[in-house]
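This report looks at a few annotated positions and at one pair of strands. Please keep the sequence and the 3D view at hand while reading.

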Amino acid sequence: MDAIRWEGNTLYLLDQTKLPVTEVWLAYHDWRAVAEAIRTMVVRGAPAIGISAAYAYALAALAGGDLCQAKAGLAASRPTAVNLFWALERMERKASACGGSSDALIAEAKAIHAEDVAMCRAMGAYGAAVVPEHARILTHCNAGALATGGYGTALGVIRAAHEQGKVAMVYADETRPLLQGARLTAYELVADHIPATLIADNMAAALMARGAIDLVVVGCDRMAANGDFANKIGTYSVAVNARYHGVPFYTALPSSTIDLSLSDGSQIPIEQRDKDEVRALGGVQTAPAGVEVYNPAFDVTPHTLLTGVITERGIVYPPFRENLAKRFG
Ligand code: MRU
């Protein structure tokens, strides 16, 4: 399964706003349209946003456009996932080195894409080792093939553990307000024939209280130097519940998601989204039109609630500030 393709100087994105009901691939030739696709979440998930922005930067070069303007426009599309800025910085460095050659920039975007898949595979192999036999695993949001170059971060760990015959059940939080768990994670699990049960977000604690969850693994949008990390809103409450019930809690991320320039999670910019995402469900109004709404797209989970960080270079354990610096500094 994949969500991003480059064919014949055209970027194709699987429209994730239409899943799981319809599979529509949209074609892109203009970086501005890709910035809009990121903003409206046609493409979403930290690594997938970075890869799409890299291809969009290459599209700007192909069109003979102003690369500084393209970089700034793409960087303004979503603020939290650091992969976006990481990919754009890397493309800008390549543009300086190659004099803005579109062939070289396309090759760089393809390299970013291929490296992301390889990092997901490596995370899968490391992460599967901490998954017990007959595991019942909980995940939140979608950190799968659709959110990355392919295979997935948290779902990559689950896929690898499943390939080893270790997965008894995956519980997918539906993930209000935009239902990435119900629409995307459940879609990936069903497609891969991995045992899956969908739950509403407010059911996770009840499952943990019954002893029905052995491990939690989630994705990440940005990790600060001390291990605090931003992920989809609701991740923090899953982490609190996991700690209370003694359930191991991991995040899986590629090094492109680590931002060592931020000392702790309070410095991570958190995106606020449209209030109608909470006032409605699937386009159907579920609340009074005028009601005030709080709609942060992400929350920050403190590193103190983390068992370990699964990366492409192995699993990082506490003390996180010291061990992240050692491995990624
Ligand atoms: O708002 P989204 O759907 O882009 O949020 C996605 C998440 O929070 C994912 O868990 C995160 O990007 C990790 S994806 C491998």
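## Surroundings of K232

K232 touches H140, C141, T175, Q180 and F298 when residues up to four places away in sequence are not counted, contact meaning that the C-beta atoms of two residues, placed from the backbone, lie within 7 Å. K232 has its place in strand β9, residues 229–232, where helices (H or I, at least four residues) and strands (E, at least two) are DSSP runs numbered from the N terminus. Because 27 other C-beta atoms lie within 10 Å, K232 is buried; the term requires 20 or more such atoms within 10 Å of the residue's own, whereas exposed means 12 or fewer and partly exposed lies in between, with C-beta atoms placed from the backbone.

## Basis of the model

The model is predicted, with local features needing pLDDT of at least 70 and side-chain atom pairs counting only at pLDDT 80 or more, while totals for chains, interfaces and linings use all residues. Residues are numbered from 1 along each chain as its sequence is written.

## The annotated site and A46

In an unreviewed entry, UniProt lists R44, G45, A46, R78, Q180, N231 and K232 under "binding site"; its positions follow the numbering used here, feature names are shortened, and annotations may be inferred rather than shown by experiment.

Leaving aside neighbours within four places in sequence, A46 is in contact with A81, N83, C220, D221 and T257.

Strands β1 (residues 4–7) and β2 (residues 10–14) pair in the antiparallel sense over 4 bridges, pairing being assigned if DSSP finds at least two bridges between two strands. R5 has Y12 in β2 as its bridge partner. The two strands β1 and β2 form a hairpin with 2 residues between them, and G8 in the turn has a positive phi of about 55°.
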